[in-house]
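Subject: A structure for you to look at

Hi there,

I am passing on a structure for you to explore, with some notes on what turned up in it. Please open it first and keep it beside you as you read.

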Amino acid sequence: MSHHEKHVLGLSGGKDSAALAIYMRQNYPELDIDYFFTDTGKELPEVYEFLGKLEGFLGKPILRLNPNRDFDYWLKQYNNFLPSAQTRWCTRQLKLKPFEDWIKPFLAEGIMVHSYVAIRADEPYREGYNAKQDNLKIHLPFKHDGIDKPGVAEILESSGLGWPKYYEWRSRSGCTFCFYQQKIEWVRLQERHPEAFEEAKAYEKDALENGSPFTWSQGESLDELTQPKRIRQIKDDYEKRLLKIKAKKRQNPLRPDAELIDIDDVYGQPKFCVACHK
């Protein structure tokens, strides 16, 4: 590899970026890729466990990029207004800025930085990180090579790594209190990680008292969302949607798609952060 080039691949703790790391190692072993994870400090414990397993497979450490200032600092800077789909200051300050700060010296030296992003072939509408510098080049190997969602599943399973454990109850990686979560995921967060749920409730209560126009989940507070009657409604709605999806889904014996039904399939795939959830 040329000393004038650097290859980097960001890992979110999600299935797509993990599969891309495996794919690159298996298909482009000549590339000396630096793998990195931008740690917000508010990730699920399952994410850290999965990254540890992935490090073992890759045979090299995953660099941890930590923001200079944590979520609590930035929350105060934004007047206790929670981040939302309209104001994604969390992504900007806790994910993108640490990456930019890390590669800035390389770019300043004139090194060509190649960044590999896990946008799948079945995601034509989604854009990756937009490079602002001429010597930062974004590559989309899955999109280029036609790797789709079932293809990602095949890569993870055939490698022996498997899926992150949080996919048993959640659709993606990211902060425990990510505002892109579906209501069923908030219910499951309370069941699986009650301490993280209570932390999210405390953030929301403080934000509302300071005039924030946003709650974590659209249209209701976490306190309202977790009333027993409301929990039952959310779970019943999820089960009805899931049965409907299963009834419509045609199983391919060569690619058992039934195993790939996730929350995005059930509710329709929402927008989300490439930096956080891939």
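Before we start, one term: when I say that two parts touch or are in contact, I mean that heavy atoms lie within 4.5 Å. Please also keep in mind that this is a predicted model.

**The sheet and its helices**

With that term in hand, look for helix H4, residues 89–108. Helix H4 lies across S1, S2, S3, S4 and S5, and runs at about 145 degrees to S2.

Those 5 strands make up an open sheet, with parallel pairing and the order S3-S2-S1-S4-S5. At the edges you will find strand S3 (63–65) and strand S5 (136–139), each of which pairs on one side only. On average, and ignoring direction, neighbouring strands of this sheet are turned by 30 degrees against each other.

Strand S1 (residues 5–10) pairs with strand S4 (residues 112–116) in the parallel sense, over 5 bridges. In this pair, leucine 9 is found opposite tyrosine 116 of S4. Helix H1 (residues 15–27) also packs on the sheet, where it touches S1, strand S2 (33–38) and S4. The direction of H1 makes about 140 degrees with that of S1.

**A buried aspartate**

Next, please find aspartate 39, in the loop between S2 and helix H2 (45–58). Which side chain of opposite charge is nearest to aspartate 39? That is arginine 64, 5.6 Å away. A salt bridge here needs a side-chain nitrogen of Lys or Arg within 4 Å of a carboxyl oxygen of Asp or Glu, and aspartate 39, although buried, has no salt bridge.

What aspartate 39 does have is a polar contact of 2.8 Å between its side chain and that of tyrosine 48. Leaving aside residues up to four places away in sequence, aspartate 39 touches Tyr48, Leu65, Asn66 and Pro67.

**Salt bridges**

Side chains of opposite charge can pair when their charged atoms come close. How many salt bridges does the count come to? By the rule above, the count is 20. Here are a few that you can look up yourself.

- Aspartate 32 and lysine 60 meet through their side chains in a salt bridge of 3.0 Å, N to O. This pair links distant parts of the chain, 28 residues apart: aspartate 32 is in the loop between H1 and S2, and lysine 60 in the loop between H2 and S3. Aspartate 32 is partly exposed, at 40% relative accessible area, and lysine 60 is partly exposed too, at 23%.
- Lysine 165 forms a salt bridge with glutamate 49, and their closest N and O atoms are 3.2 Å apart. Because lysine 165 lies in the loop between helix H6 (149–159) and helix H7 (183–192) while glutamate 49 lies in helix H2, the pair ties together parts that are 116 residues apart in sequence. Lysine 165 is partly exposed, with 47% relative accessibility, as is glutamate 49, with a relative accessible area of 37%.
- Glutamate 100 and arginine 92 form a salt bridge of 2.5 Å, N to O, between their side chains. Glutamate 100 counts as partly exposed at 21% relative accessibility, and arginine 92 is partly exposed at 32%.

Enjoy exploring!

Best wishes

Technical notes. Residues numbered from 1 in each chain as written. Predicted model: local features only at pLDDT ≥ 70, side-chain atom pairs only at ≥ 80, totals over all residues. Heavy atoms only, no water. Pairing = 2+ DSSP bridges. Helix = DSSP H or I, 4+ residues; strand = E, 2+ residues; numbered from the N terminus. Axes fitted to C-alpha atoms, helices over the stretch in contact; angles between N-to-C directions. Buried < 20%, exposed > 50% of the residue type's maximum accessible area, 1.4 Å probe, protein only. Lys, Arg positive; Asp, Glu negative; His and termini not counted. Polar contact = N/O pair within 3.5 Å; in protein donor to acceptor, adjacent residues only side chain to side chain.
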